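Subject: Structure handover

Hello,

Here is the structure for you to work with. Please load it before reading on.

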Amino acid sequence: MSQSTLAVAEATTTEAPAPAAAEEGAAPATTEGTGAEGGHGGFPPMDAHTFPSQIFWLVIFFGLLYLLMSKLALPRMEAVLTKRHKAIESDLSKASALKHETEAAIRHYEKSLADARANAQGIATETRAKIAAEIEAERSALEKTLSAKLAEADARISATKAKAMQDVNEVAAETAAEIVSALTGAPVSKDQAARAIAGLKG
Amino acid sequence: MAQGIDPIHQFQLHDLAGPWNIAGHEISFTNSALFMGIAVALVTGTILAAAARGELVPGRLQSIGELWYEFVHNMVKNVLGHEGKAFFPLVFTIFSFVLVANMLGMFPYFFTVTSHVVITATLAVFVVALVVVVGIARHGLGWFKLFVPSGVPMVILPFISLIEVISFLSRPVSLGLRLFGNMLAGHIVLKVFAGFVVLLGSMGFGGIIGSIAPLGMAVALTALEFLVAFLQAFVFAILTCVYLNDALHTHH
């Protein structure tokens, strides 16, 4: 049976490369069983004699590869990739959790900073007001004593001035009386001279 | 020599163990099977090593694993939503298997598993069959409303449905052929340009000068092929998501 199919295959496929077909004519008989090896005239990919062997081994090796891949290699590969995927995911979620934590800490810090700033501002205002009040009190006290001293000094000045004027008037009257008596020879009392001066002045 | 620059030789399968037979079919352990096994070991080893440390801050290897995981995870989530979670291991397996098989093919002397149409077609048929099974399991026979768009006049409805059915049936074809074609064509072109370099280089001084252009082309194509190797794995995975979306959400 295999010989008959071989002969058919060779007959059909050796039509194109005709010159070689002549010597091939006797070949199937001698190379029976190993036609693939012996036949040079035929076009090997069209040599139907080799088909069963190729299909047989293809089925075996393809099936073997499928089994190895589906049962052994691909699940392992998938496990590796899943492991990486999970590791990355957990790292990412950890990172985002840490980020949230950081953000909360920053918010907390900023809040306490703002609180402290407000607090400081309050203290500063309070202190400023207190100091201003103290300064004001001191100033008004000082002003009061100063104005008291000023008034006292004024009073003293005016008293001194009045006394001095009195003294001047007396000196003037005495001098005037003596001048008049010296000039006229008539005795003039101090009172008369004083009255006269007062009248001049008036 | 001729074998060294034969751009087709790189797609040849060799028996590494066997021949073994099951029910008349040969199932020898070939270089294709070996590179499928290497792809499985690489994917499993990388993801397990990346997940082993499980550090919170990933190192280089762990970053690669996580990038890989997240890339497919986002793709499934964006296209299928939360209901698509059950299909994540499947889409991851498809993407990783195709990606690593494509990338392994970029090493010189390595075999490109996805450059054989039977591999890409089997994967594509499996995806579309899964869409049908999941669709019917989830929505019962009502899932077939997928082929009957609402708001279409009765007159042209049969034609539209026919087009929808054809477009659905062409999905495994386009899905499988896209990956197969890209990987096959890219490696052939790469090999052809590299073959030019070898051929011209063996022709003396003039040939060596002349081989600079194809060498540059081969370097540029290698970069492009790395892009294609990633892009086709991505396209295959995202189309798987898009098709599965039809099974989960029928509103069209």
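Predicted model: local features only at pLDDT ≥ 70, side-chain atom pairs only at ≥ 80, totals over all residues.

Residues are numbered from 1 along each chain as its sequence is written, chains are lettered from A and ligands numbered from 1 in the order written, and side-chain values use heavy atoms, without hydrogens and water.

**Interface**

Chain B puts 55 residues in contact with 41 residues of chain A (contact: heavy atoms within 4.5 Å). About 4400 Å² is buried between the two chains, 75% of it from carbon and sulfur atoms (buried area: accessible area, 1.4 Å probe, that two parts lose on being put together, summed over both). Two salt bridges are counted between chain B and chain A (salt bridge: a side-chain nitrogen of Lys or Arg within 4 Å of a carboxyl oxygen of Asp or Glu). B:Lys85 pairs with A:Glu78 in a salt bridge, closest N and O atoms 3.7 Å apart.

B:Glu66 sits in helix α2 (residues 60-80) of chain B (helices: DSSP runs of H or I, at least four residues, numbered from the N terminus). Its relative accessibility is 7%, so B:Glu66 counts as buried (buried: under 20% relative accessible area; exposed: over 50%; partly exposed: in between; 1.4 Å probe, protein chains only). Among the residues B:Glu66 touches are A:Met77, A:Leu81 and A:Arg84.

**Salt bridges**

The whole structure has eight salt bridges over all chains. B:Asp246 and B:Arg171 form one of them, at 2.7 Å from N to O. B:Asp246 is in helix α7 (residues 212-248) and B:Arg171 in helix α5 (residues 157-201) of chain B, so the pair ties together parts 75 residues apart in sequence. Both residues, B:Asp246 and B:Arg171, are buried.

In chain A, A:Arg139 and A:Glu136 meet at 2.9 Å, N to O. They lie three residues apart in helix α5 of chain A, about one turn of the helix. A salt-bridge network links A:Glu136, A:Arg139 and A:Glu143. A:Glu152 and A:Arg156 form another salt bridge, at 3.7 Å. A:Glu152 is partly exposed, at 49%, and A:Arg156 is exposed, at 52%.

**Backbone**

B:Tyr109 has a phi near 70°, a positive value in a residue other than glycine. B:Tyr109 lies in the loop between α3 and α4 (117-139) of chain B. B:Tyr109 is exposed, with 85% relative accessible area.

Best wishes

How values were computed: Helix = DSSP H or I, 4+ residues; strand = E, 2+ residues; numbered from the N terminus. Lists of a residue's contacts leave out its neighbours within four places in sequence.
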